[in-house]
Every structure is written in structure tokens, then in C-alpha cells.
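Please find below my notes for a colleague who is meeting this structure for the first time.

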Amino acid sequence: MENHLLEVKGLDVLYGDVQAVWDVSLHVDEGTIVALLGANGAGKTTLLKTISGIMHPKRGEILFWGKPLSKLKPQEVVDIGISHVPEGRRLFSKLTVLENLKLGAYPPRTRPLFAQSLERAYSLFPVLKARNDQKAGSLSGGEQQMLAIARAIMACPNLLMLDEPSLGLSPLFVKAIFELIYALNHQKVTVLLVEQNVHQALKIAHQAYVLKTGKIVMGGSGDELLADPEVQKAYIGERWSKR
Amino acid sequence: MLEYLSFGLIIQLLVNGILFGTMYGIAAIGLSLIFGTMRIIFLAQGTTIIFLAYICYWLFTLFGVDPYLSLILVVPISLLLGAGFYHALFKEAAALEDKNISLLIAVGLMFLVENLMTVIWTANPRSILTTYTSLVFRPMGINIPFTRLIALLMAVLSASGVLLFLKKTLIGMAVRAASEDMVSATLVGISPHRVNAVAFAIGIGLAGIAGIGVATIYPFDPVYGFIFALKALISLALGGIGNVYGALLGGILLGLIESLASFFLSGGWSDAISYAVFLIVLMFRPEGLFVRAMLKT
Amino acid sequence: MKDKRAIILTVLGTIAFAVVPFFLDVDTSYFAYFLFLSFCYTVIAQGWNFVAGYTGQISLGQHAFFGLGAYTTAIIWLHDITKTGYYFDPVTMMLSGLVPVILAILVGIPLLSRLRGDYFALGTLGVGEIVKVIFVKGGAFTGASDGLHLPSTMFESMKPYYWTGLILALFATAVVYLLTRSRIGLALRAIREDEMSAAAHGIHILKYKIFAFAVGAFLAGLCGSLYAYYLLHINPDAVLKLDWTLYPILMCVIGGNGTIMGPIIGAFFVTALFSVSNIYLVQMHPILSGTLIILVMKFMPRGLIGLIDTIKSRR
């Protein structure tokens with residue numbers, strides 16, 4: 001019996017009266033990067049929201065190190081080691097960069113490690129140190145995304161969930177973000193990555209799932225999916241070269 | 001000669017307005033905190049202020065506790081009362097989408113407390129008379145009542161205190177963050193109940209300070225509460241929600257408007273002017289008059 | 001299917017109410033008075049229900065429209081504008097409904113185009129208070145703080161009041177029912193759900209919002225007119241008090257917001273409760289109301305209809 005970091009079993013989630021997630025099962029192993037792909041409205045964001053406790057499933061289980069999550073509130077989910085960077089970043093724009101980072105280390109267990117976490121954040125995201133006292137809302141899109149991720153890792157998470165981190169960013173920032181995710185993973189952070197940028201995501205992902213209208217239609221290793229002709233056709237386009 | 005008189009009069013009116021306006025401002029800061037985190041218009045703020053004014057009054061009348069000294073008792077009572085209000089009344093309602101529910105609970109509380117006070121303590125106006133309540137300074141011929149000056153002092157000190165709390169403490173930062181985006185706040189581990197209770201506690205704590213101010217300045221009665229709440233709302237609109245000093249300035253501005261209007265126009269019209277200003281500001285500068293940056297709704 | 005049942009119930013209920021005066025002496029029976037009040041409140045509650053429950057615009061200024069309706073009726077009568085010699089003249093009542101509509105449009109255009117949600121609620125509150133001041137200061141025309149007096153000699157029996165009240169309650173309910181089933185209702189629901197996409201679909205948001213606001217004002221004014229005939233002494237304290245805004249809101253929320261039967265049930269239930277507490281605990285009445293509001297909001301936020309639904313779905 002494998003011991004997965006995160007296990008989702010037979011999840012059904014409703015958005016009001018509409019079912020957004022149908023019988024979804026997946027798992028995330030420690031130390032890996034798992035990509036969750038699919039078109040807009042496929043249910044990826046709903047899935048992340050359910051894991052982090054913002055939404056609750058109608059049916060099914062979510063297990064973290066074997067322990068069920070579904071009854072927990074979002075702030076409790078953060079406490080046990082899952083950090084969620086939501087779609088659109090959603091920083092505290094009226095607060096400064098430093099204040100955002102301080103709030104990242106809000107759970108009591110993270111506060112003794114605050115100084116170290118801050119150092120780590122600055123070393124991974126040097127641009128933030130320069131903008132320390134600026135209001136978060138005044139940062140550029142790419143810098144905001146970095147702040148959002150930095151804030152999330154201030155909580156020393158075991159599992160970092162990112163919802164479309166590359167959305168709306170310039171190619172330079174997109175590259176930087178993916179390099180960052182790779183670096184974080186190298187530092188033993190497990191990553192669950194929801195992305196529309198399929199090519200880049202599959203390049204760094206160990207495992208990947210494809211969601212379509214709320215159901216998992218494909219699953220496998222990153223390389224497998226990258227080579228899969230259907231994936232190529234649907235998401236990457238006809239012209240594609242192996243790097 | 002005549003010009004000198006009217007100039008002095010204008011100054012007096014301005015001074016009156018500023019001195020009393022700070023009480024509206026304090027109430028407004030409380031409202032702002034509560035609205036910021038819970039999106040509730042706590043209409044019972046004024047009635048709570050009067051209730052705490054009564055507490056101050058009875059401490060003085062029955063036990064001889066000097067009103068300003070009673071701060072030591074009243075403020076902790078208010079803070080606890082605030083937290084109590086939240087846990088007993090608003091906890092579940094704050095999470096609901098329909099904000100009417102919270103609004104109605106606040107209204108229910110207002111009815112309840114206002115009439116409880118009327119039944120138990122009668123509708124007769126009360127005032128506190130001590131050695132210093134009739135003390136008036138007269139610099140350059142302007143009347144500055146001692147009690148109003150102290151009220152101003154209390155207002156400025158408590159506003160600064162609240163601001164320090166919001167800026168320098170982690171929980172204060174959490175309140176600010178939650179006011180901006182509650183869902184994101186939960187995603188960093190902030191508990192909504194914790195910040196809501198803190199916001200409520202501070203809101204009522206400020207009501208306690210305003211209550212002492214009111215008790216020492218005016219005769220007051222249970223019905224005054226609702227009117228006071230409306231004035232606090234107007235001050236909040238003028239100052240902008242989420243802006244601590246702004247709310248205080250908003251109160252002062254309202255005090256000025258009232259003072260001038262009630263001198264030049266007869267009684268009822270000054271109220272109408274206040275409401276008209278309220279509407280105009282709501283419509284054309286909803287973020288308040290004292291905020292430099294534009295807030296997006 | 002559910003609709004048909006509700007309609008049959010309503011018809012039966014109306015018939016039942018209509019024949020009450022034949023069994024009870026309406027002039028002395030407290031029960032009949034209670035029914036009359038309930039009809040009154042139903043009218044204004046349905047109005048608020050339409051504005052707030054269906055379109056999501058919380059208006060805290062209904063008392064201004066109510067008072068305006070009452071004063072309009074009084075002024076028309078005293079200046080003999082419509083040259084009728086009897087009460088409940090439909091023309092007068094219609095006019096009493098339309099004058100608030102004018103105010104609603106005048107005020108609604110700037111308020112609704114600029115203010116969202118809570119700010120709009122505050123704005124209506126401000127308008128209500130301003131209207132109050134205007135009436136107090138209105139001089140001889142509005143009778144200042146003493147108000148206007150309608151001759152009490154016209155009051156012969158409660159019966160016409162009772163039936164007019166019933167008719168108006170039925171009218172209000174029918175109006176709201178038909179509107180919500182119409183295209184207008186669909187548009188309003190779309191606006192409530194997602195304003196931006198409604199606009200993207202070509203729905204003229206402001207026009208519909210103002211329409212809803214005006215309907216609420218009309219019904220409030222109508223109710224004010226009825227009440228004016230009953231109260232006879234129309235003064236600012238009686239017809240412009242905040243109670244006229246808060247009680248309908250309470251009734252809608254207790255009964256069930258955004259439903260047709262909700263305001264009716266709420267109106268009857270709350271009126272009953274207030275009447276009972278008024279008889280037995282006169283002084284405690286507002287304390288009881290306050291406590292009741294808090295308890296209901298805490299434990300039954302979706303109102304009585306919501307409770308019934310919950311019980312039904314548990315089976």
C-alpha cells in the first residue's frame with residue numbers, strides 16, 4: 001500500500017446546483033510535481049478549492065498523509081501543511097510586501113521559523129527584497145505572482161498548490177516562474193500545479209492528470225503525456241518539437 | 001466692532017463643531033472596523049454608546065467613580081462586550097451571503113437595548129456633574145469647555161492607538177488583510193472568527209470611549225442612540241471606510257457642518273443638510289473625502 | 001403544479017378572509033383589527049420583497065414612500081382635489097401610489113446608477129430622513145410637526161377598511177406574482193445573479209432597477225394611503241417612522257425572502273406576535289420585538305418558508 005502525500009478519492013463537488021467535479025480520484029506523492037491540466041471550466045480550480053477547504057465535497061474523500069481533510073476549514077488546512085495560491089494571486093494589495101510575507105507566516109507553528117523563511121523567500125525572489133516596503137498592489141503582474149508564491153511558502157508547506165501561476169505573465173516571467181517551481185521542488189516542496197501552459201507544465205511535472213468537464217480523462221507521467229498525440233493536438237498544437 | 005464679533009462667533013462655531021465631532025469620529029472608526037471585516041452596518045453602535053454612557057453615569061452616581069477614571073473599567077467592559085456581541089449574535093450571520101440578516105440582528109439589538117434602558121432607567125435625560133464639568137477655558141474669548149477638550153484628546157489618543165494596533169501587531173495586520181479579502185486571509189491561515197471578534201471588540205471598545213465623552217458633555221437619553229448611529233454613518237461616509245484618521249476627520253467635518261448649519265438655519269434643516277451631504281458624498285466620492293488613492297469597489 | 005396549489009390556496013384564503021366580517025363584528029373584534037393590520041403590512045412587505053428579495057437592492061427608505069403616500073392622500077382630501085366625498089377613492093389611492101413613484105425615479109436614477117449594495121441601502125436611509133425633515137418643515141401645506149387631520153366623521157365602520165385592505169393585499173401579491181413570472185422578472189433575476197453578464201446580454205440594468213424600486217415605492221405609497229384613511233391624523237412621527245421600513249423587512253425575512261408567500265406569512269406572523277405582546281406586555285413590546293428579531297435571524301435565517309422547505313426535504 002503506497003503512502004501518498006495527498007490522495008483524492010471519488011470526489012464529487014457541486015457549485016451551487018451545478019456539478020463541477022465528477023468522481024475524481026488522483027494522488028500526489030511526496031517530493032514530486034504533479035500537474036493538473038485542462039481547459040477553462042474543467043473543474044481544476046474547484047478541485048483545488050475543495051482540497052484547501054474553501055469548498056466542500058458532496059461525496060468522496062481527501063486524505064493528507066492518510067488523514068481525512070474534508071471537514072477542515074481553510075485556515076486549518078494551512079496549519080497542517082497545505083498552502084494554496086489561488087487563481088489571480090489575490091494578494092493583500094493595500095498591505096506592503098513585507099506585511100504580506102509576515103501574514104504568510106501566520107500559523108503559530110511557522111512563527112518561530114519566520115526569520116529563516118523570510119531569508120529563503122528573499123533568496124528565491126530577490127526582487128521582493130527591493131520592494132519590501134511598497135504596497136503589494138503597486139507591483140507588476142509578475143512580481144505579484146512571485147509575492148503570492150513567496151507568501152505561500154512562508155507557511156513552510158509540505159504541499160504547495162498553485163492555480164495558474166503563469167496566467168497573464170510575460171514570457172520572461174513565465175520562464176522565471178517555472179524555474180522557481182522547479183527550484184522549490186528541489187528544496188523538497190511537493191507541488192500540485194494547475195496550468196493552462198501545458199507544454200511548460202509537462203516539462204517539469206513528474207505526474208500529470210487531464211481534467212475535462214469535471215472528470216479525469218488522462219493520467220500518467222509528465223513525459224508520457226508530453227509524447228501523447230492527443231495531448232499534443234488538443235493543447236499544444238500541431239507543430240511541436242522535443243527539447 | 002460688528003465684524004470682530006461675528007468673526008469670533010464663527011471661530012466659536014468651528015471650535016464647537018470640531019470638539020464634538022470627534023465623538024462621531026470615534027463611533028465611525030468602530031463602524032468601519034466592523035464593516036471592513038464582516039460587511040455589516042452595525043446600526044446599534046449609537047445605542048451601545050448610550051448604554052456605556054449609562055454605565056459611566058451609574059459608576060459615578062452610585063460609587064462616585066470619576067468619569068475619566070472609569071475609563072479603566074469601561075474600556076475592558078466594552079472590549080468584552082464587543083467580543084460577546086460577536087460570539088453570541090453575529091458569528092453565524094457573518095458567514096451568510098444575505099447581509100440583511102446581520103443588519104436585522106443589529107436592528108433587533110438596537111430595539112432591545114434602547115427599550116431595556118428606557119424601561120429600567122426611564123427616558124429622563126441624565127447628565128454628569130462634577131467639579132470640572134462646567135469648567136470652561138477662554139483663550140482669546142473663545143469658549144472651550146474642559147470636557148469637550150478632554151473628549152478630543154481621548155478621541156485622538158484612541159484613534160492613534162487603534163492605528164498602531166492595526167499597523168504594528170500581527171493580529172492587526174490580519175484584520176486589515178481580512179477586511180480586504182477574507183477568503184485569501186483564510187488561505188494564509190487567518191481565522192475569520194478571530195479577526196471578526198477582534199474588530200467587534202475594538203469597535204465596541206471605541207463605543208465605550210465615546211460613551212464616556214457623551215456622558216460628560218451632554219445630557220443623554222436612550223433614544224439619542226439611533227440618531228448618534230446615523231451621525232456615525234455619515235462621518236464614516238465622509239471619511240471613507242477603512243481609513244482610521246479619515247473616519248475621525250469625517251466626524252469632525254460633520255461636527256463642523258452641524259455646528260454651522262444649526263446656527264444659520266433652524267433646527268431641523270441642519271439635519272437635512274447633514275443627510276444631503278451624506279448622499280452627495282456617497283454618490284460622488286464613495287471612497288470618502290480624505291483618501292488620496294482611489295479605491296476600486 | 002406547486003403554483004396551481006398556491007393559487008387555489010390563495011383563492012380559498014381570500015374567500016375565507018372576505019367572509020369574516022359576516023361572522024365577527026369588525027368594529028370591536030381585535031382579531032379583525034389584527035387581520036386588517038396584516039393586510040396593510042402585506043402590501044408594503046410585498047413591495048419590499050420585490051425590490052430586495054427579487055432584485056437584491058436593499059432599500060431602507062420605504063418609510064419615506066409610505067409617508068409620502070399618506071400625506072398625498074391627506075392633502076388631496078383636504079384640498080378636495082379629486083372632488084370625491086368618500087374615502088378609499090381609487091383615484092386618490094392610485095395618485096398616492098404614483099407620487100412616491102416620482103420620488104423613487106428622481107432619487108433612484110442618481111442612487112442606483114452610482115451606488116452598490118450597502119451604499120445604496122445607506123443612501124435610501126439618508127433619503128428617508130431628508131423626506132422626514134422636509135415634511136416637518138413643510139409649513140401649513142403639510143401641517144408641520146402636528147400634521148394634517150382628516151375628519152373623523154367619515155369613519156363609520158371598519159368594514160370598508162377591512163375589505164379595502166384585503167383587496168390591496170391581494171392586489172399587491174398579484175402584482176408581484178405576475179411581475180416575477182414575466183420577462184421583467186426574468187431580467188431582474190438575471191441582474192441579481194450576475195449583473196455584468198446581464199448587461200452583456202443587452203439588459204438595460206438601470207431601467208430595470210429603477211422599475212423595481214418604483215414598484216416598491218408604489219406599493220408602499222398605496223399602503224400609506226390606506227393607513228391615512230385609518231389613522232386620520234397624519235403626522236411625521238406616525239407615518240414617517242423607521243418602523244415602516246423595518247417591520248416589512250422583518251416580515252419578509254421571517255416569512256422567507258424572495259418568495260411570494262413569504263411576505264404574507266411573515267406579515268401575519270409578526271403582526272400576531274406584536275399584537276399579542278402589545279396586549280399582555282405593553283411596555284415590553286419593543287424589547288420583545290428586538291429579542292424576537294435576533295432569535296429568528298440566528299436560528300431561522302431563511303424564514304418560515306425556508307424552515308418548511310428544510311422539513312420537507314428531510315422526509
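1. Helices (H or I, at least four residues) and strands (E, at least two) are DSSP runs, numbered from the N terminus. With that convention, B:I190 lies in the loop that joins α7 (182-187) and α8 (192-217) of chain B. This is a predicted model, in which local features need pLDDT of at least 70 and side-chain atom pairs count only at pLDDT 80 or more, while totals for chains, interfaces and linings use all residues. Residues are numbered from 1 along each chain as its sequence is written, and chains are lettered from A and ligands numbered from 1 in the order in which they are written.

2. B:I190 counts as buried because 25 other C-beta atoms lie within 10 Å (buried means 20 or more such atoms, exposed 12 or fewer, and partly exposed in between, with C-beta atoms placed from the backbone).

3. Leaving aside residues up to four places away in sequence, B:I190 touches A:Q75 and A:Y106 of chain A, as well as B:A174, B:A177, B:A178, B:A185 and B:V195 (contact means C-beta atoms, placed from the backbone, within 7 Å). B:A174 is 16 residues from B:I190 along the chain, and their C-alpha atoms are separated by 6.8 Å.

4. The contact between chains C and B takes 34 residues from each of them. On the side of chain C, the elements giving two or more residues are α4 (90-114), α5 (117-136), α11 (243-255) and α13 (285-299), and α5(C) gives the most, with 11 residues.

5. For chain A, the mean pLDDT (the predictor's confidence in each residue, from 0 to 100) is 88, and 95% of the residues reach 70 or more. Over residues 238-243 of chain A, however, the pLDDT is below 50, and this stretch has 1 contact in the model beyond near neighbours in sequence.

Note on methods:
Two residues are in contact if their C-beta atoms, placed from the backbone, lie within 7 Å.
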